[in-house]
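These are my notebook entries on one structure. I put down what I looked up, entry by entry.

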Amino acid sequence: MKTLVIGGGMAGLTYAVIACKNGHDVTVAERNVRVGKKIAATGNGKCNIGNVGVSPACYNKSALVNKILNSVSVEEYRRFLESCGIYTFADNEGRMYPISESAANVVDCLRNQVEKYGGKIICEAEAFNVRPSSNDFEVLINRTNYRFGKVVVACGSSSQSLETHIFSVIPKQYVTPLCPSLTPVKVRYIEPILNGLRVKCKVTLTDGAISLDSQNGEVLFKDYGLSGICIFNLSAVIARRTVQGKQGDYKFVIDLLPNFNQWDLEELLFRRVKSGDKPSQLFFGLLHNKLAEAVLKRCDGVCNVTKLAHTVKNFTFDYAKLLDYSMSQVTSGGVDERYLDARLNLPNGVTVLGEALNVDGICGGNNLYFAAASALYTFPREQRNAAYLKI
């Protein structure tokens, strides 16, 4: 079948590999100067390509996620990668990386498989106006009309891009609101002295008196607000609520010493005060000096050990906004699963994959895994298995 894949990211390239190995005449249209732009950027260039602990809990609530994860296991995903020449290992937190530790090498392997089995990749190719007819589709690519028997949309989102391409190829009525996700957050005020400081801690996102989610990890303090993986994951909670039309009085409550309970911390600080330590010495060995200075400032420099301990355990920032798409790793929202059939086809016959769907995961390789798994899911198992045997 003559097939057009719009988008040369993880979902589009995965689909193209399986289709080519099953004898389809595949063209991948990528609007960037090269395919795999987001793949090449992930894992700080090492390519966090998946996660051995992937589960539905890693994503926004979606029946579609359950179906795809039940159909495409991590073991099968590894079979697919190995059939493309990509061999992986997992770190202590379950994050999967290629043994080459090169994201560019992963892109090379996927692109090579498409071209090796007869697929064509066209870069700097803008696709518009997908018009279905009774037998095929007419698509405008760089001002020229083409006809294809099948069209697959895997064009991703606005994240790390100038603009979203999804509305050029999918009618707006099928798409939910969109919001940048896995992104730093701007807060209403942050002490300038904290800029550039990294701290391992526990962060809780609250809406009024309600705790929405907590993450343990490293926070990076910036002049505008908060960054780091745990902040990215909490930003996803806000983004998903935004897509649903929900607003909140959000706060980021940071426990700077999660290994101490408040009572033990109070006792330690009390002993230090009693021994004659000055306020500037109270947190020696516990907090970075700049962080200790910020805590003391919030307590007006007073040695009230209860207030000091509470501030350390509840170092709070008022949320202002999510940073824009240029800073986000993924986008929340996308094609609503209510409009998709069992093989991810819209009523007009167009197949939708990856980030173009209303599915987003937390950090740690979950989004690349889902992108590939969504593409594999659309093929019957016998076609997938046949493709894995071709190296």
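Which helix does Asn366 lie in? I found Asn366 in helix 11. I take helices (H or I, at least four residues) and strands (E, at least two) as DSSP runs, numbered from the N terminus.

Entry on ground rules. I am working with a predicted model, where local features need pLDDT of at least 70, side-chain atom pairs count only at pLDDT 80 or more, and totals for chains, interfaces and linings use all residues. Residues are numbered from 1 along each chain as its sequence is written, and side-chain values use heavy atoms, with hydrogens and water left out.

Entry on Asn366. Buried means under 20% relative accessible area, exposed over 50%, and partly exposed in between (1.4 Å probe, protein chains only). I then listed what Asn366 touches, leaving aside residues up to four places away in sequence: Asn51, Val54, Cys58 and Tyr59. A contact here is heavy atoms within 4.5 Å. The Asn366 side chain also reaches the backbone oxygen of Ile362, at 3.3 Å.

Entry on the whole protein. I noted twelve helices and 19 strands. The protein has 391 residues, of which 53% count as buried. Its C-alpha atoms fill a box of roughly 85 × 40 × 35 Å along the principal axes. Of the contacts between residues at least 6 apart in sequence, 71% join residues at least 24 apart.

Entry on aromatic rings. How many aromatic pairs does a search of the whole structure find? I got nine. The rings of Tyr15 and Phe379 make a tilted pair, because their centres are 4.6 Å apart and their planes stand at 40°. Rings of Phe, Tyr and Trp (its six-membered ring) pair if their centres lie within 6.5 Å; planes under 30 degrees apart count as stacked, over 60 as edge-to-face and the rest as tilted. This pair links distant parts of the chain, with Tyr15 in helix 1 and Phe379 in the loop between helix 11 and helix 12, 364 residues apart. Tyr15 counts as buried at 3% relative accessibility, and Phe379 is buried at 4%.

I also noted the tilted pair of Phe221 and Phe317, at 6.0 Å centre to centre and 45° between the planes. Phe221 belongs to strand 14 and Phe317 to strand 17, so the pair ties together parts 96 residues apart in sequence. Both Phe221 and Phe317 are buried. Together with Phe315 they form one aromatic cluster.

Entry on charges over rings. The charged end of Arg298 sits over the ring of Phe315, 3.8 Å from its centre. I found the charged end of Arg343 over the ring of Tyr377, 5.4 Å from the centre. The test is NZ of Lys or CZ of Arg within 6 Å of the ring centre and within 35 degrees of the ring normal.

I looked up an open sheet of three strands, with order 7-8-9 and antiparallel pairing. Strands 7 and 9 stand at the edges with a single partner strand each, so one side of each has no neighbour in the sheet. Four bridges join strand 7 to strand 8; two strands pair if DSSP finds at least two bridges between them. Phe128 has Leu140 of strand 8 as its bridge partner.

Entry on helix 4. I listed the buried residues of helix 4 (residues 74-83): Val74, Glu76, Tyr77, Phe80, Leu81 and Ser83. Gly85 follows helix 4 and has a positive phi, near 90°.

Key. Polar contact = N/O pair within 3.5 Å; in protein donor to acceptor, adjacent residues only side chain to side chain.
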